[in-house]
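Trainee: I would like to go through this structure and ask what stands behind each label. Please set the values against the definitions.

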Amino acid sequence: MPIEETAEERIGPYRLLSKLGQGGMGVVYRGVDGAGLDVAVKLLRPEIAGDDGFRLRLLREVETMRRIQSPYVARIIDADLHAERPYIVTQYVAGHPLDDTVRATGPLSGRLLVQVAAGLAEALIAIHAAGVVHRDLKPNNVMLVNGEPVVIDFGIAHAADSTRLTQTGMIIGTPGYLAPEIIDGGSPGPAVDIYAWAATVAFAATGRSPFGTGSLEAIMARVVRGRPDLTDVPPEIGGGLQAALARDPRARPTADQLTGWLRNLQSGALSPVTPAPMPQGPRPTPIPIPIPTPVPMPRTAVAMPPLTPMPFSPAGPSPDSPMTPYPVGTGRIDLGWYKLIAYLLIFAAVGVTAELPLLGGFVAVLAAWYLRAGDAAVRSRRVPVRDAPDLLLGPLRWPGSMARSAVQTALSLVYAGLAGGVVVAIVLVLAESNTRSISNETVVSLGVGVAAYVILAGPGLMGPRRQSVRLLSAAVQDRRTVSIMGLGAAVAAVLVLLVAWLDVPHWAPLDAPYGSLDDLRGSLHDAIDNLKNKSKNSGS
């Protein structure tokens, strides 16, 4: 059975747990080694792995990449390229993909954006110093760990020659992040990673590729013409991105120049408009990484010794690294878990509102207003966001978000009232037309609960939910704590909803409006009876 279809499988000494993703070169799985430490295992596709020349070049490439030591790059731990399914093992990074983070919580801004851009530039310094070109840098190959970027999943693209890849119908690189010289058939030098760096940072700042969407041909045409859309990119980094997206690779800054400029920008020692001045005159053409020509040999004649696994310690990189090493072995927490917890908390709030319509409703509206204001502040990029306190204080730092949220919340009350009223009407019609006894308390609880849900997370009103996910993911990043929080939220939601269903609503400090509801039910009952009588008379 193919491993992609197997629930659990072993590759070498590694046990595969779940599929993380796939690309043109293979499929990536989360796995564990013999000591129980998390790793990422990349299985090469059979049509590529079957090429002996490719395996030989890839072996040399992996040996080169193992020299890369940076807290911003996931380390290669092990590889076996003469196995039946060749594989490469890298450090498993416990974080969130940049593209998922931006789509879930909005574009990055302020200190966090500059920090991510600088970290990626430092990753490229280490990669290029080892004589490697990543060639597939893009948002979903960047993990965010406590606000710091870690580059993962080397495309290992330049280890395979273009002839072989053309024959298999594969395209090396991702449209929108692929340098124009590659599209023109040029060799991949370090400048292609600089180009991809700029496109990736532009996505982080705006939530979209600088070359838009559409067909492959349309995107590549924009790339070749050199027409990036940097609208909405914060001005403090816009100049640097524009320089790094230059059509001519000789005009692009190096990773060292980008890092120096960004670190100065972080310290306030540089004007936040343009990058550091580049040397005058034409820059030399980047020297592509040489690819040795494979010696033709029969498949059975290939003799490639297995790599000796590098020491794998949870301590991560050297203590001399410029930042705290990223955590390993704890497992990545998918954003879906934070979304689930947010919804469980919303359901608990719905239950409280159904049980205490006035007090609970007031708190729900107030919470929706402030969370929506925080969401507006983050999405406007007017408030720098790095951690949970920044998220909590966002509305206070941009008072305009609170005014905007007040208008939106007022409109949401009308929306919620209509939704709750429709539910009440449907329940009453069904009850009176079928002569089933449904108490006023149940009817009111259903209507109020629906209204509360619409205010907090109704269709088109997802701001409070988005901000809740941001707060949860920023405040809690430990898997065990997230599990405990999720269990607690589930228990709370079930208990509160159960109490709201079994108990009568408490309208303190006012009296319950059941008298008006009785009058409405009486009128509705009479109207339904009249319709039934008319129907019988017309039938007879």
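Mentor: Start with the contacts in the protein: of those with a separation of 6 or more, 71% are between residues 24 or more positions apart, where contact means heavy atoms within 4.5 Å. The model is predicted, so local features need pLDDT of at least 70 and side-chain atom pairs count only at pLDDT 80 or more, while totals for chains, interfaces and linings use all residues. Residues are numbered from 1 along each chain as its sequence is written, and side-chain values use heavy atoms, with hydrogens and water left out.

Trainee: What makes up the secondary structure of the protein?

Mentor: The protein has 18 helices and nine strands. These are DSSP runs numbered from the N terminus: H or I of at least four residues for helices, E of at least two for strands.

Trainee: Why is Thr101 called buried?

Mentor: Buried means under 20% relative accessible area, exposed over 50%, and partly exposed in between, with a 1.4 Å probe and protein chains only. Thr101 has 14% relative accessibility and therefore counts as buried. Thr101 sits in helix 3 (residues 98–105). Beyond residues up to four places away in sequence, Thr101 touches His96, Gly106, Leu144 and Leu335. Buried residues make up 50% of the 540 residues in the protein.

Trainee: Why does Leu396 count as exposed?

Mentor: Its relative accessible area is 51%, so Leu396 is exposed. Leu396 belongs to helix 13 (residues 388–397). With neighbours within four places in sequence set aside, Leu396 is in contact with Tyr370 and Met402. Leu396 and Tyr370 are 26 residues apart along the chain, and their C-alpha atoms are separated by 9.8 Å.

Trainee: Why are helix 12 and helix 15 called roughly parallel?

Mentor: The axes of helix 12 (residues 357–379) and helix 15 (residues 440–457) come within 9 Å and cross at roughly 15°. Axes are lines fitted to C-alpha atoms, for helices over the stretch in contact, and angles run from 0 to 180 degrees between N-to-C directions. Angles under 35 degrees count as roughly parallel, over 145 as roughly antiparallel, 65 to 115 as roughly perpendicular and the rest as oblique. Helix 12 and helix 15 are therefore roughly parallel to each other. Pro357, Ala364, Val365, Ala368 and Arg372 of helix 12 make the contact with Val448, Ile455 and Leu456 of helix 15.

Trainee: What kinds of residue make the contact of helix 12 with helix 15?

Mentor: Seven are nonpolar, none polar and one charged. Ala, Val, Leu, Ile, Met, Phe, Trp, Tyr, Cys and Pro count as nonpolar, Asp, Glu, Lys and Arg as charged, and the others, Gly among them, as polar.

Trainee: How do you know that the length of helix 2 agrees with its number of residues?

Mentor: The expected span is 1.5 Å times one less than the number of residues. For the 14 residues of helix 2 (residues 52–65) that should be 20 Å, and the end C-alpha atoms are 20 Å apart, which agrees. Twelve of the 14 residues of helix 2 are buried, including Phe54, Arg55 and Met65.

Trainee: What makes helix 4 largely enclosed by the rest of the structure?

Mentor: 16 of the 20 residues of helix 4 are buried, so helix 4 is largely enclosed. The 20 residues of helix 4 (residues 110–129) should span 28 Å, and the end C-alpha atoms are 29 Å apart, which agrees. Just after helix 4, Gly131 takes a positive phi of about 80°.
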